[in-house]
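Have the structure open as you read.

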Amino acid sequence: MSTTQVILRVIHVAAAAVWFAAPLGAASMVKRGMAAGGDGFKTAASEAVRRGNIGVGAGVVTLLSGFTLIFSLGGFKWIGPPIHAALSLVIVMLLIEAFLAKPAGAGLLRLSQEAGGEKDPAAAGLLKRYAMAGGIVQLLWVAVLALMFINPM
Ligand code: HEM
């Protein structure tokens, strides 16, 4: 394995690890923040949004370094079905983050900045959507990790 390939793998795996870890526990943090109300809710919601942004950034780096690895290995014709499946799953994961988790997090942050926002009837629904989206992404992440190791090429 060339030095470039080692470096690419390190970037790829480190970015994937940050993607998994950054949003871990964010939903329960917001839940506790909501129970505390006021500044507690505000701090928890803004921290959740910050961690979500770090996660999405790391997800994009994982995807881009994955592409670079594919080309350094000789292009798509050298890549087996597991990597193709992983690529599709990672796109689904990023879409879930962009269209489910991110808007729910932004909604929670907006409510947290309003007086008594934690009692707003929309808050519980937003938290549920935020937690569900995060859980699905984490599950898919584990599936993609498994796919990385069954690549037959
Ligand atoms: C959750 C997302 C991902 C995780 C956790 C992940 C993890 C890993 C790990 C641990 C390896 C090292 C495997 C080994 O050397 O045996 C690897 C390699 C690799 N990954 Fe990923 N990866 C992810 C997403 C992707 C995506 C989206 C692509 C394609 C665009 C991709 C393409 C590759 C390639 C081409 C290799 C080298 C495979 C080989 O040498 O056989 N990965 N990945």
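This is a predicted model: local features need pLDDT of at least 70, side-chain atom pairs count only at pLDDT 80 or more; totals for chains, interfaces and linings use all residues.

Residues are numbered from 1 along each chain as its sequence is written.

**H1 with H3**
- The axes of helix H1 (residues 3-21) and helix H3 (residues 38-72) come within 8 Å and cross at roughly 155 degrees.
- H1 is therefore roughly antiparallel to H3 (the term applies to angles over 145 degrees).
- H1 passes H3 in a left-handed crossing, where the near helix is turned anticlockwise from the far one by less than a right angle.
- Residues making this contact (C-beta atoms, placed from the backbone, within 7 Å) include Leu8, Ile11 and Trp19 of H1 and Ile54, Val61 and Leu69 of H3.
- By class, the contact of H1 with H3 has ten nonpolar, ten polar and one charged residues; Gly counts as polar here.

**H2 with H5**
- Helix H2 (residues 26-36) packs with helix H5 (residues 121-149) at an angle of about 165 degrees, their axes 9 Å apart.
- That angle is why H2 is roughly antiparallel to H5.
- The crossing of H2 and H5 is left-handed.
- From H2, the contact uses Ala26, Ala27, Val30, Lys31 and Met34, and from H5 it uses Ala123, Leu127, Tyr130, Ala131 and Gly134.
- Sorted by class, the contact of H2 with H5 has eight nonpolar, one polar and one charged residues.

How values were computed:
Axes are lines fitted to C-alpha atoms, for helices over the stretch in contact, and angles run from 0 to 180 degrees between N-to-C directions. Helices (H or I, at least four residues) and strands (E, at least two) are DSSP runs, numbered from the N terminus. Angles under 35 degrees count as roughly parallel, over 145 as roughly antiparallel, 65 to 115 as roughly perpendicular and the rest as oblique. Two residues are in contact if their C-beta atoms, placed from the backbone, lie within 7 Å.
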